[in-house]
Structure formats: structure tokens, C-alpha cells
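Take a look at the sequence and the 3D structure below.

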Amino acid sequence: PTPFMTLSKGWYAAEAENGGQRWLHGQEGFVGLFVPASGAYKLNFEGAAYLKERHLTLEIDGQPQTQATIAPGRQNYSLELKLSGGNHIMRLYSPEPPDRPSNNGTPADTRTLTLLFSKLQVSS
């Protein structure tokens, strides 16, 4: 078996830009995660912060695992994870309050945005 993930609550609809991407709905999004064995893994993704640098806290099963600073420009990120084999709930959380595009030059877009994710994957 190989690791796999599925999006849970806390995400806006998929966007086709840049090969597919999703924004957190406000400050947090959840992912169901399965890894076949205990060990070290990496969470790899392309990310960007809305308007300004923001922080990302990654929790596994309610326990803080790692943190990163996400820049406004799209970049590749790779975060180290230590996981036991089996199913997990991963929470991606940005502590900074979200901003609305409608307040920043895009009147029709009333979403509350913090962090954007693309190409999200777990590897061993």
C-alpha cells in the first residue's frame, strides 16, 4: 500500500488555475490521511499565502506536528512528518485572520482566504 489523502471539511471548491488548486475556507482545512507503516514521511505541496506572509501549523490527530511560513508567491514546500501506520486526520491551520478579495480590489469575491494549496501529497 502507498500513502494517500482525501480532502475533508474546510476547503473552497477546486480551481483549474495552475493545474488545480484549493484555498483553505478561512483559517483551517482538514485532510484524511492513510500511511501503511510507521515512519518518517514528507508532506509536499505548492503553496501561497493571500496578500501577505502567513504561518501554517500542521496538526496530526489533534497534536501539533510542524510549522512553516508561507509566502505570498507560489513556492514548493516539503514538511517532515513522523507518523504511525494507519489512518490520521491532518489539520492545516493559519492563525492569522483571513482577508477577503472583495475588500482588496475584487468586489465579486467574498471568500475569506488565507492559504492556497496545490499538488498536495505525502511521500515516504
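## Leu43: a buried residue

Leu43 counts as buried because its relative accessible area is 0%, and the cut-off for buried is under 20%. This is a predicted model. Leu43 belongs to strand S4.

What is Leu43 in contact with, leaving aside its neighbours within four places in sequence? The list holds Met5, Leu58, Tyr77, Ser78, Leu79, Leu81, Met90, Leu92, Leu120, Gln121 and Val122. Take Tyr77 from that list. Leu43 and Tyr77 are 34 residues apart in sequence. In space, their C-alpha atoms are 8.0 Å apart.

## Aromatic pairs

The model has five aromatic pairs. One of them joins Phe45 and Tyr77. Their ring centres are 5.4 Å apart, with 20 degrees between the planes. That pair is stacked, because planes under 30 degrees apart count as stacked.

Which parts of the chain does the pair link? Phe45 is in strand S4 (residues 39–49), and Tyr77 is in strand S7 (residues 75–83). These are distant parts of the chain, and the two residues are 32 residues apart. Both Phe45 and Tyr77 are buried.

Phe45 and Tyr77 also belong to one aromatic cluster, together with Trp11 and Phe117.

## Charges over rings

Two arginines come next. Arg91 has its charged end over the ring of Tyr93, 4.2 Å from the ring's centre. Arg111 lies over the face of Tyr12. Here the distance to the ring centre is 5.5 Å.

Technical notes: Residues are numbered from 1 along each chain as its sequence is written. This is a predicted model: local features need pLDDT of at least 70, side-chain atom pairs count only at pLDDT 80 or more; totals for chains, interfaces and linings use all residues. Side-chain values use heavy atoms; hydrogens and water are left out. Rings of Phe, Tyr and Trp (its six-membered ring) pair if their centres lie within 6.5 Å; planes under 30 degrees apart count as stacked, over 60 as edge-to-face and the rest as tilted. Helices (H or I, at least four residues) and strands (E, at least two) are DSSP runs, numbered from the N terminus. Buried means under 20% relative accessible area, exposed over 50%, partly exposed in between (1.4 Å probe, protein chains only). A charge sits over a ring if NZ of Lys or CZ of Arg is within 6 Å of the ring centre and within 35 degrees of the ring normal. Contact means heavy atoms within 4.5 Å.
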